[in-house]
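Good morning, colleagues. Please take a moment to look at the sequence and the structure on the screen, and then I shall guide you through some of its parts.

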Amino acid sequence: MTTRLPWQMRCVVLAVACAAVPGLAGEVDTLLQTPREHPYLFFSAEDIPAMRERMATEPWSQAADLIVRSAEAAVTADIPPEPDEGPDQPRDEQGNYTAYYLRIHYEFYDAGHAINDIVPTLAMAWLLTGEQRFADRAKQWMLHYSTWQQWSVKSALADNQSAHSYMGLAIGYDWLYDQLADDERAQIQDGLRRLGETFQTHRGGLAEQALPGHRGGIANNHTWVSHAAPAVGALAQLYEEPQARRWLETEIICWRDKILPSSIGRDGEYIDGSGGWLTYCLQNGLLFLAAMRRNGCDLYEGSNLDHVADFIVRDRELLAEDASLPPYDVRYSLLELASRYDDSETQWIALANGLGLSSSAHSRRWPGSGGIITPPYEPNTWYHVRLEWDAATQRFRTTIDGRLLEDMPMLDREFASIDRFAFMGHWRTDCVVDIRGLRVLDLSADEARPVLTLADLGEGKLQAGGDIGIRPPDAQIVEVIPGEEPILRFTDASDDQAGMLSFALPPLTHGAIEFELRKSDNDASYFYLRTWDGDREMRGMIWYIDRRVKKHMPDYRNQDWPFGWEPGAVGPWYPAVFEFLFYDPEVTPQPPDRGRPSVAFRDLGWVKMRSDWSQDAVSIFFRSGPEMGKDHGDNNAFRMRAFGEDILPDLPTPPSGESQLTQTQYDLYAWFQGTNAHNTILPGGHTQPAVWGDQTGRQYGAQWLAEPGEGITPRGRLTSVLLASACDYASGEAAPAYTRAEPVLNGFRRDILFIKPDVAIVYDELASAAEPLLYHWLLHAVRPIGVQDAAAGPGRMVVRGEKATLYATPLFPADAQIDILTTPAPLERDRTRYFSMHAPAPTDRQRFLVVLQPVRADSEAEPPAPERVEGDGCVGAICAREGMVDRAVFLESAAKFGEVAGCSVRGRAAWVRARESEAPREFALLSGTELSADGRVLAHLAAPGNVALSIAPGEAGPEAFEVTASLLEAGMAEVRLPAQPSRLQAEDGTEVAVNYADGLLRLTLPAGESTVRGEF
């Protein structure tokens, strides 16, 4: 694939790429021999006129608009003071984090994020507009930070906090170099030098680190972030600071020889998945790689970064109909990867909604006017509230009891006036909200003019009229209580509606809403003030369930943020600056070929099974793999989504309810991000090591990407995977996951067979390593749960969601007991219930068989209860529904052959679907060599493997079929077909010779996964 530098960026192309260590000095020498004038990290001074011209051209104009509007907000943001140096040690004598350490730790984090967001925003806004106030404010930030004695807590001087400060300071120094006076430049250079020395001292040793046994620690986000910043910093100081040459040489070795080889797996996967941690790594690491590429040294060469974009897309399921595109948090990373690898599909995803602010954005806080504010409110206490707006400045100004909470513009939309506002709240609660002194003011003239007052509403129950809207329409929720000072009172609405009172106003370009509010003592209700310009919702306020007042942000899917959270903060998490720079118009966007909806990531041990690409799809996530950096102790666990709802979700960690951050919150992380809170099995109460809690036995640094011969046993491993049109299958072994000082289990096999579109069967087989154990089979949900009584067996577990209802039927063991337990959240509102199923007594060996059947929540009929079947060495389930019957068989590990329900299996598992009066047209043989049903061979393999057949109904045109196989070694696969096919075609489109006799299609297949399609 051809490497191309974007046409809009001027760079010096060096003669030799970075290669062996001796050549590195030559590369840096070449950089030193070709002096560059600032700016040069991502562009030169000669590029700036063209950059300004692009402000009027799509899609650059969208990013530029967000940059400038964000800078408008950033110019008034407070510069944080230098935090205390912090304690010598983060923990007390009992090993718990001290509240003082945690406070200082996060003060440095907030400060680092702030300069890293704000300085590039202000500097780029100045470069694009020439408005001096942006450059002046950025200089103030840089001069302030450069005098700090340290940029991170004392016990971790060269960690992510100081790295963020270093990155923001280095980029600002490069972009604003000519704006700095000599004394200012010297002061900032001194800060950069001290940062460079600190990182070289504490992080430079990575260049000598051996990889075996350490890849997981090297791949950690702390390594990425804490080497990206000093790398960019060294490049930015290369011509002023003599030590910068050594710093840059060290960082090139670290990135090329240590970080990149340790971080990315075969399928582009990262040790902590595709979520926030990979996002965090890419947002920082790619800044250095992009800067080096634009200055002639391509460190991408030889890495697995060319697979990362596909991993993000497939793991986040961005090709599904219900996906939210683009993924704003990784958008500039995708743009950079698309440019480097000339990847048209990644370019399409990154540009799917342009470069404006995405509705899927999640804000990260940074100090606004007065910093981050989430003022508490006391129940049954009056508070004076004022929300003011001015269309001329696009600003909203919010105060409570005279305290200014925010004075910032809307960044993702403009408004001409406010012509409607509403009060709204109360869901299934006993809350009461009283409002008095309500008035709306027109401030457009010299003297404020009242437009609406409480007296205008009359007394008693309110009725909907031309200027008043009420929901529900019966108006039983709102009334005016007469008295010396009338009160507007809100009480509960019906169970399925939120009460709302809305007022139509004459359009006010500059106005305010004032009132006093009192909310009763209820921690489960919300109350909103919301404003509109026509049909576009604007800024509002919310009295939240945790007794905090926040601002209502309708532009982010009705998410509610503390005052001071700013949607347009640009930087590593708000990347408009780098989207503007990294967009490469020479890469033509091309819609992706979605292909099969299910996917497996081999090095992570993740399997994502999905029925189809629709928003109503049923999907299952299964994990069995090596220990991760942010491990949740969830090996051999699964989650489920059905009909647009996470019916079996990953549980969030609840707040401690304490007034400050303490060890209690980390204890909650240990439970909710540990084995107890996941849909796996607790053998004798033993949990798997995870990122929080007891670290005994944890070895994530050694397990990630361990190579054969290193003697590393992963916590979990995928033993078999088949992803086919009619069914998906994954099997994992996770006995080592519970090993701490001594092994707990000799075996923990879990098989998940997903029979599409809506039946999943979970089979478990466990063996203890020593004494008999009581095994607890866990199933977590956040929706109401219960157990239906059964004439025989333990009963049927039911989860009732808003869009989906899940029926989980235990078939084995027949004498299982089901307990309903409650999670240990400190606040009652955060507690959820979950199922724990177990045998009556401890045992050396245990098997479980559970059938999961999701249906739509509005479905009146329950799915038919599955039937348990048992044979010699095997157990199975029969799921019957109108017109078809599914038979699934699972063999015990020691069994070589099993026969039950008319199915004979040599292998591990099998599935057969029979329709009325037809021979089986859909079936799968799993980790085996032969499958027969009703006396006829359906599939035969020369060596153990997986094979599945599905025949389409053939409603129009020729009847089509698909054979999917996953083989450990090349060999013959025989599959029964009802007729001779007229043509065969491999997945790559090549024709395959037809070998059909005795009703069997014979295929010679290579090792690995293969798909062959044909027609009759």
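Let me begin with a pair of residues: glycine 871 stands opposite cysteine 874, which belongs to strand 37. Please bear in mind throughout that this is a predicted model. Strand 36, covering residues 867–871, runs antiparallel to strand 37, and five bridges join them. The two strands make a hairpin with two residues between them, and there glycine 873 takes a positive phi near 80 degrees.

How many residues of strand 37 are buried? Six of the eight are, and the strand, residues 874–881, is thus mostly covered. On its way onward, strand 37 pairs with strand 38, residues 884–891, in the antiparallel sense over eight bridges. Within that pairing, alanine 880 has valine 885 of strand 38 as its bridge partner. Strand 37 and strand 38 also form a hairpin with two residues between them. In its turn, glycine 883 has a positive phi of about 85 degrees.

Methionine 640 stands opposite leucine 648 of strand 23.

Within strand 21, residues 618–623, we find serine 619. Is serine 619 buried or exposed? Its relative accessible area is 9%, under the 20% cut-off, so serine 619 counts as buried. Leaving aside neighbours within four places in sequence, serine 619 is in contact with Met609, Arg610, Arg639, Met640 and Arg641.

Next, a loop. Glycine 693 lies between strand 24, residues 681–683, and helix 17, residues 700–703. With a relative accessible area of 45%, glycine 693 is partly exposed. How far apart in space are glycine 693 and aspartate 667? The distance is 6.7 Å, C-alpha to C-alpha, while in sequence they are 26 residues apart.

Let us now step back to the whole chain. Its secondary structure comes to 17 helices and 49 strands. The C-alpha trace spans about 90 × 85 × 65 Å along its principal axes. For 1016 residues, a compact globule would have a radius of gyration near 31 Å, and the chain agrees with this at 31 Å. Of these 1016 residues, 59% count as buried. Among contacts between residues at least 6 apart in sequence, 68% join residues at least 24 apart. The accessible surface is about 37,800 Å², and 47% of it belongs to carbon and sulfur atoms.

I close with the confidence of the prediction. The chain averages a pLDDT of 89, and 92% of the residues score at least 70. Over residues 359–371, however, the pLDDT is below 50, and this stretch has 54 contacts in the model beyond near neighbours in sequence. Residues 568–573 also have a pLDDT below 50, with 28 such contacts.

Conventions
Residues numbered from 1 in each chain as written. Predicted model: local features only at pLDDT ≥ 70, side-chain atom pairs only at ≥ 80, totals over all residues. Heavy atoms only, no water. pLDDT = per-residue confidence, 0-100. Contact = heavy atoms within 4.5 Å. Helix = DSSP H or I, 4+ residues; strand = E, 2+ residues; numbered from the N terminus. Buried < 20%, exposed > 50% of the residue type's maximum accessible area, 1.4 Å probe, protein only. Pairing = 2+ DSSP bridges. Rg over C-alpha atoms; globule rule 2.2 N^0.38 Å. Areas by Shrake-Rupley, 256 points an atom, 1.4 Å probe, with all protein chains shown as cover.
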